[in-house]
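Student: I have a structure open on my screen and would like to understand its inside. Could we go through it together?
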Amino acid sequence: MFTLLVNHPGALRSAFKPPVDLNAGRAFAAGLLDVEGDMEAAVDEMFHAIQQPSAKALLRLTMLLRRLPPAPLPALREARLSGKLHSIERDRAAIGFHYDQPVAFYRTFLDRDLVYSCAYFDRDVTTLDEAQRAKIDYSLRKLRLQPGERLLDIGCGWGALVVRAAQEFGAYVLGVTLSERQLEEGRRRIRHAGVEERARVERWDYRELPAMTFDKIVSIGMFEHVGREKLPEYFGAANRLLKSGGLFLNHGIGIANEYATMREGKSTGFVGRFIFPDGELVNVSDALQFAERAGFEVRDVENLREHYMRTLRAWVSNLEHNRQAAIAAASEQSYRAWRLYMAGSAQGFRTGRMGLFQSLLAKPDKDGAVDLPATRRDLYN
């Protein structure tokens, strides 16, 4: 249950003027509208309300809204990027816009290890901390990561997987990120864990990586930032950096075919302006075709969308519980925008508009061999 609060006489006029997918979010971020109670349910109602209204209903709504006074908006933190789409410079700016909020802000809703991606609620896992640790371990088990192997983490966040892979799996790990604050925090955590000899983090784009060879590659939650047109380059870079017979685990959000056709998966409206500028989702079948064209063999695909729904609900609950701390760390607008986007994302995973796909890709050697056991049984021992 939820209650919609209208905090200004012109709030609805501001929220429902075209483009609604942007202006409704603006009105909420500005505090003209608010929601008490279940934010996800409120997003669900809004989503269904704006889906292809009839011409008659749209005309009546427009006439009613014109009777309301205008509601001036305060200055809002919106992304207005320049330069060539998905150039390295523009991607740095896009990543910085989202991830360079103060680390203290992310601590108000993430787990203790600051893992900002889908958790894995395995059997007997009850807390978000446990579920994120389970996700990291499950991902590294899928890679069959062994002591002494060289692992590349593309889009390493604040370094949780880098530290875990070095500390508990005995690997030599390089993590790369475009975020300056993630770089600083990742390096701090490596020092704190005492794994400097096995782990490091650099501020590099995947296209900037020098000539190296890795036994295994992992990318968790970065795929959504690549852009459809850059996917051949993304998978090509991963293939070039991976040894023959090696494995690449790509963990990313995919969009259902219906919505990919309608909206091309691009982050537009509220999400594109306030949260993930230049983000883009593709459906999993297209993503795997790009991977195969780059020379990968698809060995395993798993959809964890219910796990992401549960993760996002935990994040929203944490953020709401820590509201004052989140505002103090970032701003009222950031608190409101993140609450809306995470609740909306939970709704998307619940309804199947989006999925979370872990795709295990192999680079067969010249004889067709890959570094995998004959069954998946080892993942569950």
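This is a predicted model: local features need pLDDT of at least 70, side-chain atom pairs count only at pLDDT 80 or more; totals for chains, interfaces and linings use all residues.
Student: Which element gives the largest share of the lining of the largest cavity?

Tutor: Residues are numbered from 1 along each chain as its sequence is written, and side-chain values use heavy atoms, leaving out hydrogens and water. A cavity is a set of points, on a 1 Å grid over the protein atoms alone, where a 1.4 Å probe fits but cannot get out, and lining residues have an atom within 4 Å of a point. Helices (H or I, at least four residues) and strands (E, at least two) are DSSP runs numbered from the N terminus, and the largest share of this lining, four residues, comes from helix 5.

Student: What is the volume of that largest cavity?

Tutor: The structure holds four cavities of 30 Å³ or more. A volume here is the space filled by probe spheres set on the points, with grid points joined across faces, edges and corners. For the largest cavity, that volume is about 500 Å³.

Student: Which residues lie closest to the centre of the largest cavity?

Tutor: Helix 5 (88-99), helix 7 (128-142), strand 3 (150-154) and helix 8 each give two or more residues to the lining of the largest cavity. Of the 35 lining residues, the closest to the centre are G155, C156, G157, I220 and M222.

Student: How many charged residues are in the lining of the second largest cavity?

Tutor: This cavity has a volume of about 110 Å³, and among its 15 lining residues the closest to the centre are F223, N250, V284, A287 and S359. By class, Ala, Val, Leu, Ile, Met, Phe, Trp, Tyr, Cys and Pro count as nonpolar, Asp, Glu, Lys and Arg as charged, and the others, Gly among them, as polar. The lining has ten nonpolar and five polar residues, and the number of charged ones is none.

Student: Is helix 8 roughly parallel or roughly antiparallel to helix 9?

Tutor: Helix 8 (residues 160-167) and helix 9 (residues 180-193) pack at about 25°, with axes 9 Å apart. Axes are lines fitted to C-alpha atoms, for helices over the stretch in contact, and angles run from 0 to 180 degrees between N-to-C directions. Angles under 35 degrees count as roughly parallel, over 145 as roughly antiparallel, 65 to 115 as roughly perpendicular and the rest as oblique. Helix 8 is therefore, relative to helix 9, roughly parallel.

Student: Which residues of helix 16 make the contact with helix 2?

Tutor: The axes of helix 2 and helix 16 (residues 332-351) come within 9 Å and cross at roughly 135°, which means that helix 2 is oblique to helix 16. Contact means heavy atoms within 4.5 Å. Helix 2 brings G25, F28 and A29, and the residues on the helix 16 side are Q333, R336, R339 and L340.

Student: Where is P19, the residue at the cis peptide bond from P18?

Tutor: The peptide bond from P18 to P19 is cis, with omega near -5°. P19 is found in the loop between helix 1 (11-16) and helix 2 (20-29).

Definitions and conventions: On a 1 Å grid over the protein atoms alone, a cavity is a set of points where a 1.4 Å probe fits but cannot get out, and a pocket is an open set with protein on both sides within 12 Å along at least five of seven lines; lining residues have an atom within 4 Å of a point.
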